[in-house]
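Open the model in a viewer and keep the sequence panel in view.

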Amino acid sequence: MSLSDAEAMTAALVLARQSFDRGEIPVGAVVLDAAGEVIASAHNERESAHDPTAHAEVVALRRAGAALGSWQLSGATLVVTLEPCTMCAGALVLARVARLVFGAWDPKAGAVGSLWDVVRDRRLNHRPQVVGGVLADDSAALLTEFFASRR
């Protein structure tokens, strides 16, 4: 079944909630193939994996590469509940992801327009299409709830 951006973001939000319930910052990610079918999904695993690179996006990209048997994810769409950081933005560019869809903007660490704009840097050899703000209020509310519970 081909998912719309909003449907894929809803799936990513379910993953983000699972991340929240496990004490991780609530970020979820889904990778869709060119036909809009889910090929991989993940949520943040930094705390549980003791891995600073285990952001939802990176984990989902790794799983997508394993599922496809290739590091090149040409034609794929990465859907994530929070604007990617510099590491994740760089990873999706290097993976040749065709489209990025994200929910909430991240003014403190966002690298897709907020603080930096890694994915549109003309010096890089690949620039994905970007759609920001999909179900942004839902994504932001989950993050706000998480950090409020930590204070």
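Which residue in β3 is the bridge partner of A29? Select A29 and look across to β3: the partner is V80. Before going further, note that this is a predicted model, in which local features need pLDDT of at least 70 and side-chain atom pairs count only at pLDDT 80 or more, while totals for chains, interfaces and linings use all residues. Residues are numbered from 1 along each chain as its sequence is written, and side-chain values use heavy atoms, with hydrogens and water left out.

**The sheet**

Show the strands as a cartoon. Strands (E, at least two residues) and helices (H or I, at least four residues) are DSSP runs numbered from the N terminus. Two strands pair if DSSP finds at least two bridges between them. The open sheet has 5 strands in the order β2-β1-β3-β4-β5, with mixed pairing. At its edges are β2 and β5 (129-131), each pairing on one side only. From one strand to the next the twist averages 15°, taken between N-to-C directions of axes that are lines fitted to C-alpha atoms, on a scale from 0 to 180 degrees.

Select β1, residues 28-32, next. Strand β3 (residues 77-82) runs antiparallel to β1 and is joined to it by 4 bridges.

Now show the side chains of β1. G28, V30 and L32 point one way, A29 and V31 the other. Are the residues of β1 buried or exposed? Of its 5 residues, 5 are buried, where buried means under 20% relative accessible area, exposed over 50% and partly exposed in between (1.4 Å probe, protein chains only).

**Charged pairs**

The structure holds 6 salt bridges, each defined as a side-chain nitrogen of Lys or Arg within 4 Å of a carboxyl oxygen of Asp or Glu. Select R63 and E45: their closest N and O atoms are 3.0 Å apart. This pair links distant parts of the chain, R63 in helix α3 and E45 in the loop between β2 (38-43) and α2 (46-49), 18 residues apart. R63 is partly exposed, at 38% relative accessible area.

Move to R120 and D117, a salt bridge with the closest N and O atoms 2.9 Å apart. Both ends are partly exposed, R120 at 40% and D117 at 31%. In the salt bridge of R123 with D121 the corresponding distance is 2.6 Å; R123 is exposed, at 74%.

**The pocket**

Finish with the largest pocket, whose volume is about 410 Å³. On a 1 Å grid over the protein atoms alone, a pocket is an open set of points where a 1.4 Å probe fits, with protein on both sides within 12 Å along at least five of seven lines; lining residues have an atom within 4 Å of a point. The volume is the space filled by probe spheres set on the points, which are joined across faces, edges and corners.

Select I25, L82, D106, L143 and F147, the closest to the centre among the 19 lining residues. Helices α3 (56-68) and α5 (136-150) each supply at least two residues of the lining. By class, the lining has 11 nonpolar, 2 polar and 6 charged residues, with Ala, Val, Leu, Ile, Met, Phe, Trp, Tyr, Cys and Pro counted as nonpolar, Asp, Glu, Lys and Arg as charged, and the others, Gly among them, as polar.
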